[in-house]
Amino acid sequence: MDCQWFNANLEAYFCETLGNEELLLVSEHLTTCLSCRNEVQSLRDVDPMVRQVLDYRMTKARLAASAPRRSIGFQLGLAGAGVALAAAIVFGVFLHQANEPGGSASIVPPTLQSSDSPDTKAGKGSDSTPTVRAKPVAPDQPAAVKSIAPEPIIPAGAPEFAVIDPSGYSKSLSDYRGRVLLIGIWSADRKETAQNLQRVYQALGTRRNLSVLGVSRRKQDPLPGMTFPVVFNDGSRLLEARDFEYVVVDKEGHEQLRGSLAGDSNALISKIRTKLEQLGVR
Amino acid sequence: MVAAPDPQYDFETAARDCRPFLLQIAVASARNPVDAEDIVQEALLRGFRGIRRFRGDCPLRIWLSRIVVRVAINHHRSAARRLKRWVFFGDVEIVREDGSQPEFDPPDHSRNVPRERIMDVDRQVNRLPDEFKMPLLMLAVDGMTIPEIAEILEIPQGTVKSRVFYARKRLKNALEKRRKK
């Protein structure tokens with residue numbers, strides 16, 4: 001009985017398929033060999049950890065089960081409150097727009113008239129002056145509308161890359177360390193970019209040491225025919241990638257290539273393929 | 001020996017009794033424990049509809065567990081993961097009217113271990129293929145034995161033991177690798 005024999009029969013030892021004589025020899029070997037004893041112990045130590053994982057999952061399951069259990073009346077009330085809140089926000093935005101300086105023609109003209117009136121009284125002004133001065137008011141109106149456009153949701157201090165897979169597990173760049181990562185920002189709004197990402201995935205996705213991820217900024221269902229792994233942004237900056245862009249990150253987590261998913265898919269594939277081959281992904 | 005099914009068998013009572021066990025099976029089988037409740041609800045509904053097909057050749061909880069495993073696998077594969085939440089058995093709510101919890105929640109051994117550590121092991125467990133992960137997690141379920149796992153997964157006992165061994169080995173190697181980084 002030596003360590004080599006024991007390692008070769010470790011499975012049989014755990015599966016209890018060793019004969020009585022072999023078991024006796026194993027127990028004798030384990031009393032004398034520290035490394036084999038440690039190996040057996042480290043495998044047995046897995047069980048308490050798995051038990052803790054199950055407990056942890058049970059707690060999550062219980063929390064998820066107890067949280068959304070509400071009566072239909074409560075759910076309807078919640079939905080009604082949501083609609084009322086949305087209406088209040090829309091009304092507030094409308095009021096804000098109406099009160100914006102320069103946003104309404106009804107406020108600005110009187111100030112122009114009042115400033116012009118001394119000139120008129122002095123006899124220097126002409127009839128055309130007020131209309132000429134009033135002109136800049138009109139282009140201000142779109143600017144006022146622009147000022148209420150939604151601000152960028154992702155703050156500057158957000159993590160560089162954090163996504164959630166459909167099962168709810170979060171992933172960061174460190175999870176892909178040691179592999180080349182290709183992310184593409186897709187959205188159902190522009191199907192051709194999602195189709196291009198799909199073609200890239202079909203052409204290159206099976207390569208070893210390459211992970212392809214289709215990231216969407218909000219949770220949305222995959223389009224028909226999409227087979228690439230889909231994840232959702234979790235409030236990260238997504239490597240500063242804009243919509244419908246792709247980014248190739250090398251094994252150490254450094255950006256290597258960036259471009260748009262729009263356009264000719266063959267050119268896109270060959271460009272990415274060249275870069276992947278430079279990075280040693282074949 | 002397994003008793004023949006009683007024609008007057010009160011499925012609702014049986015479902016209530018089995019529920020803590022089934023929830024643990026669902027947690028062991030599902031990719032995401034958040035879905036476990038949906039899985040149990042759907043499995044109980046399917047069990048209720050198909051109770052006539054229960055031949056009584058195994059305990060009812062094993063029969064229902066098989067349904068739970070099948071539902072869990074389909075649930076993961078299905079694109080529509082957001083299943084309708086059935087409110088089927090009014091008296092088997094997770095939170096009872098008096099505010100008490102059913103006794104499915106096992107004692108919390110995890111308090112002594114940092115949460116990050118448990119989450120890390122959880123992530124590694126989830127990376128195991130289903131055929132390895134399920135027997136390993138099921139073995140951690142209260143009172144679950146190798147023969148029962150074999151019955152639920154409908155595979156030989158030797159295969160269960162072998163898969164548990166390889167799951168342990170893979171998990172151990174993954175955790176050691178991570179510790180070295």
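Analyst: Below we take some labels one by one and set each against its definition. This is a predicted model, in which local features need pLDDT of at least 70, side-chain atom pairs count only at pLDDT 80 or more, and totals for chains, interfaces and linings use all residues. Residues are numbered from 1 along each chain as its sequence is written, chains are lettered from A and ligands numbered from 1 in the order in which they are written, and side-chain values use heavy atoms, with hydrogens and water left out.

User: Why is Leu85(A) called exposed?

Analyst: Exposed means over 50% relative accessible area, buried means under 20%, and partly exposed lies in between (1.4 Å probe, protein chains only). Leu85(A) has 55% relative accessibility, so it counts as exposed. This residue lies in helix H6 (residues 72-99) of chain A. Helices here are DSSP runs (H or I, at least four residues) and strands are too (E, at least two), numbered from the N terminus.

User: What makes Tyr201(A) and Phe228(A) an edge-to-face pair?

Analyst: Rings of Phe, Tyr and Trp (its six-membered ring) pair if their centres lie within 6.5 Å; planes under 30 degrees apart count as stacked, over 60 as edge-to-face and the rest as tilted. Here the centres are 6.4 Å apart and the planes stand at 75 degrees, so the pair is edge-to-face. Tyr201(A) sits in helix H10 and Phe228(A) in the loop between S4 and strand S5 (230-233) of chain A, 27 residues apart. With a relative accessible area of 23%, Tyr201(A) is partly exposed, while Phe228(A), at 3%, is buried.

User: How many aromatic pairs does this rule give over all chains?

Analyst: The count comes to 7. One of them joins Tyr13(A) and Phe14(A), edge-to-face at 5.7 Å centre to centre and 85 degrees between the planes. Both of these residues are buried. Ring pairs also link Phe6(A), Tyr13(A), Phe14(A), Phe165(B) and Tyr166(B) into a cluster.

User: How do you know that Arg218(A) forms a salt bridge with Asp189(A)?

Analyst: A salt bridge is a side-chain nitrogen of Lys or Arg within 4 Å of a carboxyl oxygen of Asp or Glu. For Arg218(A) and Asp189(A), the closest N and O atoms are 3.8 Å apart, and they form a salt bridge. Arg218(A) lies in the loop between S4 and S5 and Asp189(A) in the loop between S3 and H10, so the pair ties together parts of chain A that are 29 residues apart in sequence. Arg218(A) is partly exposed at 45%, and Asp189(A) is exposed at 60%.

User: Why are Arg46(B) and Glu42(B) said to be separated by about one helical turn?

Analyst: They are 4 residues apart in helix H2 (residues 36-49) of chain B, which means about one helical turn between them. Arg46(B), at 36% relative accessibility, counts as partly exposed, whereas Glu42(B), at 16%, counts as buried.

User: What parts does the salt bridge between Arg178(B) and Asp120(B) tie together?

Analyst: The closest N and O atoms of this salt bridge are 2.6 Å apart. Arg178(B) lies in helix H7 (residues 157-180) and Asp120(B) in helix H4 (residues 115-127) of chain B, so the pair ties together parts 58 residues apart in sequence. Arg178(B) is partly exposed at 32%, and Asp120(B) is buried at 13%.
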